[in-house]
Amino acid sequence: MIIPIDQLEAQTLHNIIEAFVLREGTDYGSEEISLAEKIQQVHQQLKSGDALLVYSELHESVNIVPAAQFSAD
């Protein structure tokens, strides 16, 4: 189930994004990006619709996934 980000409190959304970014692990890019910048990038992807906030009833968890990979199955 897709969770509309505008239905969450700002701090709740921030906490979800921060947890997602922190569990992503090592950054292999040529430039070091701060945690705040990574959080902002993910937030922008959610706002633009490039990424979706998804609740899994099966796993009882929330995740952020690329919109192109989301399947409602």
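Of the 73 residues in the protein chain, 21% are buried, where buried means under 20% relative accessible area with a 1.4 Å probe, only protein chains being considered. The model is a predicted one, in which local features need pLDDT of at least 70 and side-chain atom pairs count only at pLDDT 80 or more, while totals for chains, interfaces and linings use all residues. Residues are numbered from 1 along each chain as its sequence is written, and side-chain values use heavy atoms, with hydrogens and water left out.

The protein chain contains two helices and two strands, which follow the order α-α-β-β from the N terminus; these elements are DSSP runs, with helices (H or I) of at least four residues and strands (E) of at least two, numbered from the N terminus. Strand S1 (residues 51–56) and strand S2 (residues 61–66) run antiparallel and are joined by six bridges, pairing being assigned if DSSP finds at least two bridges between two strands. The two strands form a hairpin with four residues between them, and Glu60 in the turn has a positive phi of about 50 degrees. Within this pair, Leu53 stands opposite Ile64 in S2.

Apart from its neighbours within four places in sequence, Val21 is in contact (heavy atoms within 4.5 Å) with Leu35, Lys38, Ile39 and Val42.

Key: Buried means under 20% relative accessible area, exposed over 50%, partly exposed in between (1.4 Å probe, protein chains only).
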